[in-house]
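Here are a few notes to read with the model open beside you. Go through them one at a time and find each spot as you read.

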Amino acid sequence: MPTPTTEPVNIQKQRRGFSRIWHAGRYSVEGLVTAIQESAAFRQETLLAVVLVPASFWLGQTWVETALLAAVVVLVLVAELLNTGIEAAIDRIGLEWHALSKMAKDVGSGAVLLCLLLCGGVWAAALYQRFVA
């Protein structure tokens, strides 16, 4: 009978201190690069963020307004990253149609939609206040 090993499967679990931070940061950057390469939606939203985040410094009249305008844009990117991760995990399990797979993908997509609507609403209100009111 084989003896159980206490060695973790993931080497990251053994790292400590700066080495762990360094490797975790590298994995995070790899995740962003992968999302840009593999997800058309993330690429589109990233291009929008490249325009809107700097524009938030112009449109926001206080630091709170600026932070809110930038934060809702970044929130869309976060939701899209999570949705992409959900879709990849579901596809890893199997490409055949299953009700729970559909539900997971639809819920992830719904989260992105809510973030997009929130972002659009905040930006519309800020633009209205700045130029119409």
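Predicted model: local features only at pLDDT ≥ 70, side-chain atom pairs only at ≥ 80, totals over all residues.

1. The largest nonpolar core has 17 residues. Leu59, Leu69, Val72, Val73, Cys119 and Trp123 are the ones with the most contacts inside this core. Which elements give two or more residues to it? They are α2 (40-59), α3 and α4 (99-131). As background, nonpolar side chains tend to be buried together in soluble globular proteins.

2. Now zoom in on Val72. Leaving out residues up to four places away in sequence, Val72 touches Leu118, Cys119, Val122 and Trp123. Two of those names, Cys119 and Trp123, are also on the list of residues with the most contacts inside the core.

3. At least two lining residues come from each of α2, α3 and α4, with α2 giving the largest share, four residues.

4. Finally, have a look at Glu80, which sits in helix α3 (residues 63-93). Is Glu80 buried or exposed? Glu80 is buried, and yet it has no salt bridge. The nearest side chain of opposite charge belongs to Arg43, 10 Å away. Setting aside neighbours within four places in sequence, Glu80 is in contact with Ser39, Ala41, Phe42, Glu45 and Val112.

Notes: Residues numbered from 1 in each chain as written. Heavy atoms only, no water. Buried < 20%, exposed > 50% of the residue type's maximum accessible area, 1.4 Å probe, protein only. Lys, Arg positive; Asp, Glu negative; His and termini not counted. Salt bridge = Lys/Arg side-chain N within 4 Å of Asp/Glu carboxyl O. Contact = heavy atoms within 4.5 Å. Core = buried A, V, L, I, M, F, W, Y, C linked by side-chain atoms within 4.5 Å.
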